[in-house]
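Please report on the pockets, cavities and salt bridges of this protein model.

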Amino acid sequence: MAQRAQRQVEVQGVQIPVLGFGTWMLDGSDCVEAVVDALAIGYRLVDTAEAYGNETEVGLGIDRSGIDRRDAWVTTKVWWEDLDFDACVRSVEQSLERLACEWLDLCLIHWPNEDQPLEEPLRALTRLREDGTVRQIGVSNFTPTLLERARESAPIFCNQVEYHPFLSQEALCRTARERDVLLTAYCPLARGRVSESETLQEIGERHGKSAAQVALRWLVQQPNVAAIPKASDPDHRRKNIEVFDFSLDEGEMKRIHGLDEGLRIVDPAHAPSWERVGA
Ligand code: NAP
């Protein structure tokens with residue numbers, strides 16, 4: 001199982017696990033135990049954020065797992081209110097301290113902030129990348145237009161966005177392929193709603209898999225796409241990495257693309273204007 005879970009995707013010449021462990025809403029000892037378990041069963045990427053308030057627990061989990069730090073990919077994010085140069089550098093330093101890590105594998109700007117020149121945090125992250133504190137830098141919740149702008153001033157590795165069968169990200173997927181940028185799908189299970197889809201259930205029956213496993217397979221089978229499902233239930237955690245022993249044919253992939261209903265689950269007041277996403 002561990003080998004299967006370590007499937008990688010190559011982006012900009014860098015190998016990154018195609019399936020990671022999301023930790024939003026995990027805290028305290030539950031978070032520590034979930035991270036230890038996730039790493040024990042084969043996950044090699046853990047996604048956290050300053051805003052999740054669980055970086056200390058994620059760090060403890062990585063440490064207690066006994067995994068060599070070099071074998072675990074750690075992603076965290078800088079909050080959108082900390083995007084001036086100094087605040088961004090400080091945020092990364094504090095994240096490193098809480099995670100008890102010497103470096104971050106990937107650091108993202110959590111949300112764009114239209115009141116803050118984008119060049120500021122990008123300059124800060126680029127400097128941290130140059131001194132090795134951060135291996136790769138990226139953005140999250142960026143529209144195609146904002147992503148292009150960010151790419152003009154920094155070596156953007158990844159854009160992490162909501163992506164699941166009920167929300168098409170066609171334009172961003174195209175950019176990811178054409179510009180060799182990673183698109184990391186958050187809410188890959190639409191917070192569990194994929195389980196209710198009759199289409200996903202039916203395709204799953206054909207392969208002896210659940211609707212959730214089909215949704216994850218559909219994501220990781222797309223070029224330059226990775227997924228970071230969260231599961232507090234250990235059984236869910238196991239099932240979610242068992243998606244590398246089957247594949248979907250072209251017709252099945254197309255049918256799942258057809259489930260798009262524009263369902264956006266994460267849409268806070270500080271979100272950018274999503275209209276641009278389909279541009
Ligand atoms: P998600 O992964 O789509 O869904 C998590 C929910 O699905 C939980 O309720 C979980 O239940 C359930 N679940 C997990 N595996 C399942 C399975 N095999 N069958 C049925 N249900 C299953 O949603 P998410 O947690 O919002 O997104 C994943 C990660 O993306 C987050 O944890 C976070 O790391 C990241 N994220 C990033 C942003 C951003 O702005 N960049 C925003 C949101 C999320 P149990 O917990 O009970 O197992």
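Helix α7 and strand β9 each give at least two residues to the lining of the second largest cavity. Helices (H or I, at least four residues) and strands (E, at least two) are DSSP runs, numbered from the N terminus. A cavity is a set of points, on a 1 Å grid over the protein atoms alone, where a 1.4 Å probe fits but cannot get out; lining residues have an atom within 4 Å of a point. Leu 147, Asn 159, Leu 172, Ala 176, Val 181, Leu 182 and Leu 183 line this second largest cavity. They divide into 6 nonpolar, 1 polar and no charged. Here Ala, Val, Leu, Ile, Met, Phe, Trp, Tyr, Cys and Pro count as nonpolar, Asp, Glu, Lys and Arg as charged, and the others, Gly among them, as polar.

The model is predicted: local features need pLDDT of at least 70, side-chain atom pairs count only at pLDDT 80 or more, and totals for chains, interfaces and linings use all residues. Residues are numbered from 1 along each chain as its sequence is written, and side-chain values use heavy atoms, with hydrogens and water left out.

The structure holds 2 cavities of 30 Å³ or more. Closest to the centre of the largest cavity, among its 17 lining residues, are Ile 16, Leu 45, Thr 75, Thr 184 and Ile 228. Strands β2 (14-17), β4 (45-47), β5 (73-78), β8 (156-162), β9 (182-186) and β10 (225-227) each give two or more residues to that lining.

The pockets are open sets, with protein on both sides within 12 Å along at least five of seven lines. Volumes are the space filled by probe spheres set on the grid points, which are joined across faces, edges and corners.

| Space | Volume | Lining residues by class |
|---|---|---|
| Largest pocket | about 720 Å³ | 17 nonpolar, 12 polar, 5 charged |
| Second largest pocket | about 220 Å³ | 7 nonpolar, 4 polar, 4 charged |
| Largest cavity | about 70 Å³ | 12 nonpolar, 4 polar, 1 charged |
| Second largest cavity | about 30 Å³ | 6 nonpolar, 1 polar, no charged |

The largest pocket has about 720 Å³ of space. Of its 34 lining residues, Trp 24, Cys 187, Pro 188, Arg 191 and Lys 230 are the closest to its centre. Helix α10 (residues 234-241) gives the largest share of this lining, 3 residues.

The second largest pocket has about 220 Å³. Its 15 lining residues include Tyr 163, Glu 170, Cys 173, Gln 222 and His 257, the closest to its centre. Two or more residues come from each of α7 (170-179) and α11 (250-257). The largest share, 4 residues, is from α7.

Now the salt bridges. Side chains of opposite charge can pair when their charged atoms come close. With a side-chain nitrogen of Lys or Arg within 4 Å of a carboxyl oxygen of Asp or Glu as the rule, the count comes to 14 salt bridges.

Lys 77 pairs with Asp 47 in a salt bridge, their closest N and O atoms 2.7 Å apart. Lys 77 lies in strand β5 and Asp 47 in strand β4, so the pair ties together parts 30 residues apart in sequence. Lys 77 and Asp 47 are both buried. Buried means under 20% relative accessible area, exposed over 50%, and partly exposed in between (1.4 Å probe, protein chains only).

Arg 179 forms a salt bridge with Glu 148, at 3.5 Å between the closest N and O atoms. This pair links distant parts of the chain, with Arg 179 in helix α7 and Glu 148 in helix α6 (residues 144-153), 31 residues apart. Arg 179 is partly exposed at 41% relative accessibility, and Glu 148 is partly exposed at 25%.
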